[in-house]
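Please keep the sequence and the model in view while reading.

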Amino acid sequence: ALGIIARQIVETLRPLSQERGVAVACTVPEADIVVAGDRDDLLRLAENLVENGIKYGQSGKRVDVIVDIDETDPAGPQARLSVRDYGPGIAAVHLPRLTERFYRVESGDNRDKGGTGLGLAIVKHIVNRHRGRLTIESRPGEGACFRVTLPLLPT
């Protein structure tokens, strides 16, 4: 259940968000959205995205975590996890390479955040293994939004 996973990760990362002064809002539907997948993988995926939002979007003081249904997918309705930060954003030149292993947007500010440059590579790997899709939208000065769509569990 994607909503339960999102809530659990937001709660787990609450000490980090409080330490950094970032308010994390988690919006999930009443009826949970269920996907077929490995729970540990999905927890790791959500943790990487939310932790990145807190760390790299810290200056925006807010991260929105949303679980919903994407009705616009050509393959039919898909589960969607969106993590949106309001930080400095990412230049377009970096977007295609963000999911490469060890790739990091090099700025003095980002070097101080720690990390190995593996988080988004892990996310991409998990998304691919679950037959999903990862999209990244960002503009400098406008924050970033990471969206993962995954097939719904047939009922």
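Which residues of the largest nonpolar core touch the most other members? In this predicted model, that core holds 38 residues, and those that touch the most other members are Leu 45, Leu 49, Ile 54, Val 65, Leu 81 and Phe 146. At least two core residues are supplied by each of helix 1 (2-12), helix 3 (39-56), strand 2 (62-70), strand 3 (78-85), helix 5 (119-129), strand 4 (133-138) and strand 5 (144-151). The largest share, seven residues, comes from helix 3. When residues up to four places away in sequence are not counted, Leu 45 touches Leu 81, Val 123, Ile 126, Val 127 and Val 148.

The protein chain as a whole contains five helices and five strands, and from the N terminus on these elements follow the order α-α-β-α-β-β-α-α-β-β. Of its 155 residues, 45% count as buried, while its accessible surface comes to about 8,200 Å², of which carbon and sulfur atoms hold 51%. Among contacts with a separation of 6 or more, 67% are between residues 24 or more positions apart.

Helix 1 can be described through its buried residues, which are Leu 2, Gly 3, Ile 5, Ala 6, Ile 9 and Val 10. Because they cover an arc of only 160° around the axis, these residues lie on the same side of helix 1. An α-helix has 3.6 residues a turn, so residues three or four places apart point the same way. The cover over the buried residues of helix 1 includes helix 2 (14-19), strand 1 (23-27), helix 3, strand 2 and strand 3.

| Residue | Relative accessibility | Class |
|---|---|---|
| Cys 26 | 29% | partly exposed |
| Cys 145 | 5% | buried |
| Asn 48 | 16% | buried |

Why does Asn 48 count as buried? Its relative accessibility is 16%, and buried means under 20%, so Asn 48 falls within that class. Asn 48 lies in helix 3, and, leaving aside neighbours within four places in sequence, Asn 48 is in contact with Gly 119, Ile 122 and Val 123.

As for the cysteines, Cys 145 is buried at 5% relative accessibility, whereas Cys 26, at 29%, is partly exposed. The structure holds zero disulfides.

Notes
Residues numbered from 1 in each chain as written. Predicted model: local features only at pLDDT ≥ 70, side-chain atom pairs only at ≥ 80, totals over all residues. Heavy atoms only, no water. Core = buried A, V, L, I, M, F, W, Y, C linked by side-chain atoms within 4.5 Å. Buried < 20%, exposed > 50% of the residue type's maximum accessible area, 1.4 Å probe, protein only. Helix = DSSP H or I, 4+ residues; strand = E, 2+ residues; numbered from the N terminus. Contact = heavy atoms within 4.5 Å. Areas by Shrake-Rupley, 256 points an atom, 1.4 Å probe, with all protein chains shown as cover. Disulfide = S-S within 2.5 Å. Arc of directions from axis to C-beta.
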